[in-house]
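The stops below are given in the order in which they may be selected.

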Amino acid sequence: MTNQLTKRSQDYSKWYNEIVIKSGLAEFSGIRGFMIIKPYGYSLWEIMKEKLDQMLKKSGHENVYFPLLIPKSIFSKEKKHTKILSEGCAVVTHYKLIKNKKKEFIIDKESRLEEELVIRPTSESIIWKTYKNWIQSYRDLPILLNQWGNVLRWEMRTRLFLRTNEFLWQEGHTAHSTQEEAIEEAEKILNIYTNFSEKILGIPVLQGIKPHTDKFYGSEKTYCIEAIMQDGKSLQIGTSHFLGQNFSKAFDVQFTNKNGKKEYVWSTSWGVSTRLIGGLIMTHSDDKGLILPPKVAPIQIVIIPIYQNKEKFDIIDDMVKKIVKIFEKEKIRVKYDNIKTLTPGWKFHEYEMKGVPIRINIGEDEVENKKVEVFRRDTREKMYLSWIDLKSSIIELLDNIQKNIYKKALDRTQKFLIKSDSYQDFKKIINNHGGFVLAHWDGTKNTVKKIQEETEATIRCIPFAFEREKGKCIYSGKPSFQRVIFSKSY
RNA sequence: CGGGGUAUAGCGUAGUUUGGUUAUCGCGCCUGGUUUGGGACCAGGAGAUCGUAGGUUCAAAUCCUGCUACCCCGACCA
């Protein structure tokens, strides 16, 4: 009663905040823009991380770790890229605290660093400074490295998981001897991200490339995957950059090719972050709480015993323990909640809030009839399954839930994908229900700016999935080569 | 950085307009008992320098001044 969520239809933003907190994923830290990822949220991240890590390793990447702090002089080398990023950087200037007369800590002015250290907003600079030492010959290439870590970007406005000052991510940094190979790498990664998003997280995405008006400074091509949330706003959930020779030139990283000639190295960088968790929430969850895809749910099955007295509990307990063993053997993440102080009803609501895909009830009835009551979170349906082939039917059900929530999201994404050829119509769509609007654009910055001012929508990407088609810009009427995706976004 | 809001027990809150005993209520927590198939019940109990610093007053959660923090809405962005 007291613990219900605000309805999505009432206030989507409020619903989002409440679900993050009430499901136990994360909470506010008391430090502006920083959050605490709680055990449930962190174990979700760990599972996601493990899956993506496997995919990256399978495709030939290795993990490394570079320092959190970057000397300012190194940081400054790549001018285009640092120009914008530097606006949200925290800088370490001292290394020591001392106590004053009131016994409060103050900065020891004597400890001022000769060179200030920037807390990494991303690691291109320190990595490319290092790559200079690692690369001499074409035989040293390619270098395919990835790093799991945290970065800091001082944001003006923050939201749990979607935008926080500090976030966890992976950043890949690769070096190649040819342009083609680097482009291929950036595209390969985009496909890995797409696969991960769709197959593991159940989030359908649109692949595309950022228009020149909105790409990462220092990159030649910025590939991205964009997903549409339930409220019709889009979320960029992954990016992969083809960086050309920008970083190798800035850090003077050259290699000797087969013909004995020096060439600058070609590179890529790419990343996904804890923002994915925000996307996961906003893609699948409902007014009762989270709905997590079985492949990443920290708890895939929760078993709740229902009993009247000690003797009956012992019998039920016995049966549950056997079932738990069967599931554990299959590496299913199962939790047996036999806490006596909470009633079954309380637990039902709690695990629904936490988005556990399957709940199993076991009481006297179930023991007698060798069956279990099964509740699936995604459709909120109850069913009875026989104990005999429980293992296979549960594995099948988990698979079914995974597919079902993806399909539901895919249907919605397709409904949200709308072509528009008149600005009137365009404004209506954006204002009424949002979504991805496919429209012609004249390629100018000015048009993007005007449309944003008037509708809040921006160009998310130039999508791959659609044929090139000539037309007229929806805003200016000038000629256009292709449709781009407009949307309001997070 | 601009606009708005909030700050009272672990959480959510009443009280602030119009100053006045011992600061309200619910959830949670502790003890004992009864319960347990969709957020159980009874009895008892613990828990608060009312965000912070100062001021006005016989008297301040309440009035005045400064400060701080966080949240929400925009501009910057994964």
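**Starting point: Lys-14**

Select Lys-14, which has its place in helix 1; helices (DSSP H or I, at least four residues) and strands (E, at least two) are DSSP runs numbered from the N terminus. This is a predicted model, in which local features need pLDDT of at least 70 and side-chain atom pairs count only at pLDDT 80 or more, while totals for chains, interfaces and linings use all residues. Residues are numbered from 1 along each chain as its sequence is written, chains are lettered from A and ligands numbered from 1 in the order in which they are written, and side-chain values use heavy atoms, with hydrogens and water left out.

Lys-14 is partly exposed, at a relative accessible area of 45%. On this scale, buried means under 20% relative accessible area, exposed over 50%, and partly exposed in between, with a 1.4 Å probe and protein chains only.

**Helix 8 and its cover**

Next, select residues 275-284, which form helix 8. Ten of the ten residues of helix 8 are buried, so this helix is largely enclosed by the rest of the structure. Among these buried residues are Arg-275, Ile-281 and His-284. What covers them? The cover includes helix 1 (12-22), helix 2 (39-58), helix 6 (179-200), strand 13 (234-244), strand 16 (266-273) and helix 12 (390-415).

**The nonpolar cores**

Show Met-48, Ile-281 and Phe-426, the residues with the most contacts inside the largest nonpolar core, which has 76 residues. A nonpolar core is a set of buried Ala, Val, Leu, Ile, Met, Phe, Trp, Tyr and Cys residues joined through side-chain atoms within 4.5 Å. Helix 6 provides the largest share of this core, nine residues. Apart from this core lies another, of 24 residues, including Phe-313, Ile-323, Ile-362 and Ile-401.

Centre the view on Phe-426. Not counting residues up to four places away in sequence, Phe-426 touches Ser-420, Val-437, Ala-439, Ile-451, Thr-455, Ala-457, Ile-474 and Phe-486; contact means heavy atoms within 4.5 Å.

**RNA strand B**

Display RNA strand B with its surrounding residues, 42 of them, the closest being Arg-32, Arg-157, Arg-163, Thr-164 and Arg-275. A residue is near the strand if one of its heavy atoms lies within 4 Å of it. Helix 10 (344-353) gives the most to this surface, with seven residues. By class, the surface has twelve nonpolar, 15 polar and 15 charged residues. Here Ala, Val, Leu, Ile, Met, Phe, Trp, Tyr, Cys and Pro count as nonpolar, Asp, Glu, Lys and Arg as charged, and the others, Gly among them, as polar.

Of the atoms of RNA strand B within 4 Å of the protein, 41% belong to sugar or phosphate and the rest to bases.

- From a phosphate oxygen to a side-chain N or O atom of Arg-157: 2.4 Å.
- From a phosphate oxygen to a side-chain N or O atom of Thr-343: 2.9 Å.
- From a base oxygen to a polar backbone atom of Glu-364: 3.2 Å.

**Strand 19 and its partners**

Move to strand 19 (358-362). Five of its five residues are buried, so strand 19 is largely enclosed by the rest of the structure. Ile-358, Ile-360 and Ile-362 point one way, Arg-359 and Asn-361 the other. Strand 19 pairs with strand 17 in the parallel sense over five bridges, and two strands pair if DSSP finds at least two bridges between them. Pro-305 has Ile-362 as its bridge partner in strand 19. Strand 20 runs antiparallel to strand 19, and four bridges join the two; the partner of Ile-358 in strand 20 is Arg-376.

**Last stop: Gln-300**

Finally, select Gln-300, in the loop between helix 8 and strand 17 (301-305). Is Gln-300 buried or exposed? At 9% relative accessibility, Gln-300 counts as buried. A polar atom of its side chain lies 2.9 Å from the backbone oxygen of Pro-294. Beyond its neighbours within four places in sequence, the contacts of Gln-300 include Lys-331, Arg-333, Ile-358 and Leu-398.

Note on methods: A polar contact is a pair of N or O atoms within 3.5 Å; within protein, one must be able to donate a hydrogen and the other to accept it, and residues adjacent in sequence count only if both atoms are side-chain atoms.
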